[in-house]
Amino acid sequence: MLEQIRVVLVGTSHSGNIGSAARAMKVMGLSELVLVEPACEIDGQAIALAAGAADIVENARIVNSLDEAIADCGLVVGSSARSRTLEWPQLNPRECGIQVIQEAASRPVSLLFGRERTGLTNEELQKCHCHVYIPANPEYSSLNLAMAVQTISYEVRMAYLEKETQVFPPVSQPEYPRTEELERFFDHLHEVMEQTQFISNRSGMVMAKLRRLFVRARPEEQELNILRGVLSSVQKSLAGLKK
């Protein structure tokens with residue numbers, strides 16, 4: 001189950017933070033690290049700060065886009081250190097750990113952590129199903145990257161250990177679409193709304209709100225296929241009107 005959980009670091013600028021994050025992961029039993037467009041190289045400092053977790057650093061997968069990192073995931077959770085203009089479903093670290101373990105039983109899950117100074121962008125956070133916020137001391141809420149990874153990884157492990165001791169049969173999880181399938185739906189929806197002149201290319205907020213709507217509703221795979229079918233039907237009707 002823990003092998004289904006990946007930690008995704010986006011735009012990391014200090015190699016030592018990669019090593020420290022890897023160490024935090026390994027202590028809690030996580031092993032898959034993905035680096036999205038890192039602004040540094042994996043060097044001696046990264047290996048040194050990884051301590052006994054150098055294997056995680058050396059096996060880290062480096063990708064050119066966030067989409068590539070999360071394409072096959074059924075659940076994506078983004079860490080957010082501040083409130084956003086457009087509210088998204090939000091979990092505290094304990095709730096995050098529980099949901100991650102529940103869903104990692106049947107599909108890959110990603111935990112996203114952003115840049116050291118600016119975190120994840122709004123666009124990146126909109127690719128997540130939910131956000132996790134660490135309720136630190138408001139008078140001094142300065143958490144570095146490795147601390148954030150350690151905190152969330154700890155809650156994931158605690159939820160995992162609790163699930164391992166349960167005597168009740170596990171509850172089956174719905175078949176949710178992978179992230180790449182959900183992104184194709186959003187692209188399809190945007191295309192149809194432009195074709196029907198419901199929105200223009202400048203209507204970014206409309207799409208952001210629709211993303212939030214569908215993420216909150218969390219359609220299952222078959223439901224998403226139905227929605228794609230409706231969109232395709234609209235496009236066929238539009239094509240017939242043009243003839």
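User: Into which domains is the protein divided?
Analyst: This is a predicted model: local features need pLDDT of at least 70, side-chain atom pairs count only at pLDDT 80 or more, and totals for chains, interfaces and linings use all residues. The domain bounds come from an automatic or database domain assignment. With those bounds, the protein splits into domain 1 (2–167) and domain 2 (179–242).

User: How many residues does the contact take from domain 1 and from domain 2?
Analyst: Taken over C-alpha atoms, the centres of domain 1 and domain 2 are 29 Å apart. Contact means heavy atoms within 4.5 Å. Counted from each side, the contact takes 16 residues from domain 1 and, from domain 2, 12 residues.

User: How much space lies in the largest pocket?
Analyst: A pocket is an open set of points on a 1 Å grid over the protein atoms alone, where a 1.4 Å probe fits, with protein on both sides within 12 Å along at least five of seven lines. Grid points are joined across faces, edges and corners, and the volume is the space filled by probe spheres set on the points. For the largest pocket, that comes to about 500 Å³.

User: Which residues lining the largest pocket are closest to its centre?
Analyst: A lining residue has an atom within 4 Å of a point. There are 24 such residues around the largest pocket. Those closest to the centre are S80, A81, L143, N144 and A148.

User: Which helix gives the most to the lining of the largest pocket?
Analyst: Helices (H or I, at least four residues) and strands (E, at least two) are DSSP runs, numbered from the N terminus. Three residues of the lining come from the helix in question, which spans residues 145–164. That top contributor is helix α7.

User: Is K127 buried or exposed?
Analyst: K127 sits in the loop between α6 (122–125) and β7 (130–132). Beyond residues up to four places away in sequence, K127 touches L66, D67, I70, V76, E183 and R211. Buried means under 20% relative accessible area, exposed over 50%, and partly exposed in between (1.4 Å probe, protein chains only). The relative accessible area of K127 is 14%, so K127 is buried.

User: Which residue's side chain makes a polar contact with the side chain of K127?
Analyst: A polar contact is a pair of N or O atoms within 3.5 Å; within protein, one must be able to donate a hydrogen and the other to accept it, and residues adjacent in sequence count only if both atoms are side-chain atoms. The pair here is 3.0 Å apart. The partner of K127 is D67.

User: Which residues is R178 in contact with, leaving aside its neighbours within four places in sequence?
Analyst: R178 belongs to the loop between α7 and α8 (179–195), and its side chain has a polar contact of 3.1 Å with that of E180. At a relative accessible area of 35%, R178 is partly exposed. Apart from those sequence neighbours, R178 is in contact with A71, D72 and C73.

User: Is R218 buried or exposed?
Analyst: R218 is in the loop between α9 (204–217) and α10 (221–242). Its phi is near 50°, a positive value in a residue other than glycine. Relative accessibility of R218 is 14%, so it counts as buried.

User: What about E37, is that one buried or exposed?
Analyst: E37 lies in the loop between β2 (32–36) and α2 (44–50). Its phi is near 40°, again a positive value in a non-glycine residue. With a relative accessible area of 51%, E37 is exposed.

User: Which residues does N17 touch, not counting those up to four places away in sequence?
Analyst: N17 is part of helix α1 (residues 15–27). It is buried, at 17% relative accessible area. The residues it touches are T12, E116 and L145.

Note on methods
Residues are numbered from 1 along each chain as its sequence is written. Side-chain values use heavy atoms; hydrogens and water are left out.
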